[in-house]
Amino acid sequence: MTTTIDAPRSPYARTAKKRGANWEKWGWIYMRVSGVLLVVLIFGHLFVNLMIGEGINRLNFAFVAGKLANPFWQIWDVTMLWLALIHGGNGMRTLVNDYATNRTSRGILKYAILAAVVILIVLGTLVVFTFDACPAGAPADLLPSFCSSL
């Protein structure tokens with residue numbers, strides 16, 4: 001007859017729940033939602049630019065200027081820019097958290113990623129919304145058709 005002796009167990013104690021938002025969970029959710037939206041936005045962008053009409057042969061300054069003069073395409077491009085940069089920045093933040101072992105270097109790298117994302121979002125948004133589709137002194141054959149009526 002064998003008897004087993006159970007090791008003494010310490011009682012399970014629940015830890016207090018953290019207050020505030022669970023940023024890791026929201027970052028994980030953002031990556032999934034933004035990834036799906038980016039697939040739609042990017043393939044829509046590629047389809048309109050490369051497949052409709054004359055395809056790649058019509059890509060020139062006039063085509064881009066005409067698109068950037070349209071509020072629909074401005075919003076489309078800025079949405080794509082913001083989602084892609086924040087998505088990429090969040091992915092880089094995750095890599096830094098996983099592979100940077102020193103707390104100081106991890107903090108420096110995460111602030112560098114944040115600075116790069118913010119600077120690129122600001123510059124890209126400014127370019128989209130302040131783009132001059134009809135620059136003075138440009139050859140008329142390179143400008144969109146609506147510039148000649150100004």
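Phe61 is partly exposed, with a relative accessible area of 34%, where buried means under 20%, exposed over 50% and partly exposed in between, calculated with a 1.4 Å probe on protein chains only. The model is a predicted one, in which local features need pLDDT of at least 70 and side-chain atom pairs count only at pLDDT 80 or more, while totals for chains, interfaces and linings use all residues. Residues are numbered from 1 along each chain as its sequence is written, and side-chain values use heavy atoms, with hydrogens and water left out.

Phe61 has a ring partner in Phe131, and the two form a tilted aromatic pair with 5.7 Å from centre to centre and 50° between the planes. Rings of Phe, Tyr and Trp (for Trp, the six-membered ring) pair if their centres lie within 6.5 Å, and planes under 30 degrees apart count as stacked, over 60 as edge-to-face and the rest as tilted; by this rule there are 4 aromatic pairs. The pair of Phe61 and Phe131 links distant parts of the chain, 70 residues apart, since Phe61 belongs to helix H2 (residues 61-68) and Phe131 to the segment after H4. Helices are DSSP runs of H or I with at least four residues, strands are runs of E with at least two, and both are numbered from the N terminus. Phe131 is also partly exposed, at a relative accessible area of 29%.

Another tilted pair is made by Phe72 and Trp76, again with 5.7 Å between centres but with 45° between the planes. These two residues are 4 apart in helix H3, so about one helical turn separates them, and Phe72 is partly exposed at 47% relative accessibility. Ring pairs join Phe72, Trp73 and Trp76 into a cluster. Over the face of Trp73 lies Lys67, at 4.3 Å from the ring centre; such a placement requires NZ of Lys or CZ of Arg within 6 Å of the ring centre and within 35 degrees of the ring normal.

Side chains of opposite charge can pair when their charged atoms come close. A salt bridge here is a side-chain nitrogen of Lys or Arg within 4 Å of a carboxyl oxygen of Asp or Glu, and the count by this rule is 1. The salt bridge joins the side chains of Arg93 and Glu24, at 3.0 Å from N to O. Because Arg93 lies in helix H3 and Glu24 in helix H1, the pair ties together parts that are 69 residues apart in sequence. Arg93 is partly exposed at 21%, and Glu24 is partly exposed at 49%.

Arg93 also takes part in the largest pocket, whose lining has 16 residues, with Gly89, Arg93, Lys110, Ile113 and Leu114 nearest its centre. A pocket is found on a 1 Å grid over the protein atoms alone, as an open set of points with protein on both sides within 12 Å along at least five of seven lines, whereas a cavity is a set where a 1.4 Å probe fits but cannot get out; lining residues have an atom within 4 Å of a point. Two or more lining residues come from each of helix H1 (23-50), helix H3 (71-99) and helix H4 (103-130), and H4 gives the most, with 9 residues. The space in this largest pocket is about 360 Å³.

Notes. Grid points are joined across faces, edges and corners, and a volume is the space filled by probe spheres set on the points.
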